[in-house]
Amino acid sequence: MSAASRSMRRPPFWRFARKRQTETKIQEMPPVLKAAPDRRTWDTLLWQRLWRRKIARRMFYELVGLALMGRRDMQVLNCGYREPGYPAFALRPEWEIERLGFQLYHRLTRSVAMNGADVIEIGCGRGGGARFLAENFGPRSYWATDNSRLLIAGNRLRRRPMGLRFRFARADRVPFKAASFDIGLSVETMHCLSDKAAFLDEMARVLRPAGRLLIADFFYQRDSSPSALSVFKKAVRESAWEVDDEQDWTSNTVASLEADSPRRFGEIARLPRMIRKYVLSFASTVESPLYHQLRDGRAAYVHFALSLRRGSRPARPPGDERLR
Ligand SMILES: C[S@@+](CC[C@H](N)C(=O)[O-])C[C@H]1O[C@@H](n2cnc3c(N)ncnc32)[C@H](O)[C@@H]1O
């Protein structure tokens, strides 16, 4: 196929991105973009290999923290949640453009009473979800943690509602006393963790006996993947937690990615040309492998609500060096 006919069939994504479309304009998206293949080339495979290394993942999020340090938008870094007829909820006008990302936080916490509760979030990213929940649902305290120092530094620079504090912490080692929290949240951080069992143990330590741990993330169906659904479920079975609720949100995630991709393309189009391809593959757009894996069943987006088994004990004794 000549270059000319190829470009007629498949216009570059940034031409569409420039329009900065919003969710309601999904029908304007070029169909050829929606049918984009899940391409694998040597450099994207290399990138995926690198991603498996903890240090690479950390560096990546530090870079994200640095790149977004001065920006007021891009508050959420997740796939979002879209459901036809989802009840409207109030959102600050400047966050409207990222409604689907905030909606994921809204949906995840719909079943818990946050008013007056002590909340810990693991992997808060840019802190948008934390701000939204702390501002609207009245927790007594909300500790938003992340293991990117730059993301935490950026979050501390921006104004925050009462009760919300940001702190550097690794998911498997948080600097809080045992039994300090009522609710634990983790939005799309699970897939970054090499040791999910250590995370579950640490959450069992810092949550109170009646505490709930709410998780939303994508998982792979291939058992050999460190982020396989089977691996996570096994870790839960062997932990102090039991599953109260498990819901498949794959179709909501796919719908969200389709609706939000034009906006994401707009952001990617502002980056240097040579890195766009790589950003496209992990930035959760309809051009990313994740989108195709979710669509064809190789991956699933799942929500878990966990509660502590009766009589289960904190995995580590209270009163150690990691005090508040
Ligand atoms: C995909 S982002 C999600 C951010 C946020 N939850 C949101 O929805 O906007 C994943 C976040 O997890 C954080 N993370 C990755 N590994 C972590 C770990 N071991 N401990 C704590 N946070 C971690 C990253 O720094 C990043 O901010």
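**Ground rules**

I number residues from 1 along each chain, as its sequence is written. Because the model is predicted, I take local features only at pLDDT of at least 70 and side-chain atom pairs only at pLDDT 80 or more, while totals for chains, interfaces and linings use all residues.

**Overall**

I looked up confidence first. The mean pLDDT of the protein is 83, and 82% of its residues reach 70 or more. (pLDDT is the predictor's confidence in each residue, from 0 to 100.) Residues 1–11 have pLDDT below 50, and beyond near neighbours in sequence this stretch has four contacts in the model. Residues 13–37 also have pLDDT below 50, but here I find 40 contacts beyond near neighbours in sequence. (Two residues are in contact if their C-beta atoms, placed from the backbone, lie within 7 Å.)

I then went through the secondary structure. The protein has 13 helices and seven strands. (Helices, H or I of at least four residues, and strands, E of at least two, are DSSP runs numbered from the N terminus.) Of the 324 residues, 38% count as buried. (Buried takes 20 or more other C-beta atoms within 10 Å of the residue's own, exposed takes 12 or fewer, and partly exposed is in between; C-beta atoms are placed from the backbone.) Take contacts between residues at least 6 apart in sequence: 72% of them join residues at least 24 apart.

**Strand S1**

I turned to S1, residues 118–122. Five of its five residues are buried. In a regular strand the side chains alternate between the two faces of the sheet. I checked both faces here. Asp118, Ile120 and Ile122 are buried on one side, and Val119 and Glu121 are buried on the other.

Which strands pair with S1 in the parallel sense? One is S2 (residues 141–146), over five bridges. Another is S4 (residues 181–187), over four bridges. (Two strands pair if DSSP finds at least two bridges between them.) On the S2 side, valine 119 has tyrosine 142 as its bridge partner. On the S4 side, isoleucine 120 stands opposite glycine 184. S1, helix H7 (residues 128–137) and S2 make a right-handed β-α-β unit. (Right-handed: with the strands pointing away from the viewer, the path from the first strand over the helix to the second runs clockwise.)

**Glutamate 121**

This residue lies in S1. Is glutamate 121 buried or exposed? It counts as buried, because it has 27 C-beta neighbours inside 10 Å. Glutamate 121 touches Ala130, Ala144, Thr145 and Leu185, leaving out residues up to four places away in sequence. I also noted a C-alpha separation of 9.7 Å between glutamate 121 and leucine 213, which are 92 residues apart along the chain.

**Strand S4**

Glutamate 121 stands opposite leucine 185 in S4. S4 is largely enclosed by the rest of the structure, because seven of its seven residues are buried. Six bridges join S4 to S5 (residues 207–220), and the two run parallel. Isoleucine 183 stands opposite arginine 212 in S5. From S4 the chain crosses through helix H9 (residues 196–206) to S5, and this β-α-β crossover is right-handed.

I followed up alanine 171. It sits in the loop between strand S3 (164–168) and S4. Alanine 171 counts as buried, because it has 22 C-beta neighbours inside 10 Å. Among its contacts, not counting residues up to four places away in sequence, are Ile122, Gly123 and Asn147. Its C-alpha atom is separated by 7.6 Å from that of aspartate 146, 25 residues apart along the chain.

**Positive phi**

I checked two loop residues. Methionine 74 has phi near 50°, a positive value in a residue other than glycine. It is found between helix H5 (54–67) and helix H6 (99–108). Methionine 74 is partly exposed, with 16 other C-beta atoms within 10 Å.

Serine 284 also has phi near 50°. It lies in the loop between helix H12 (273–282) and helix H13 (289–295). Serine 284 counts as buried, with 23 C-beta neighbours inside 10 Å.
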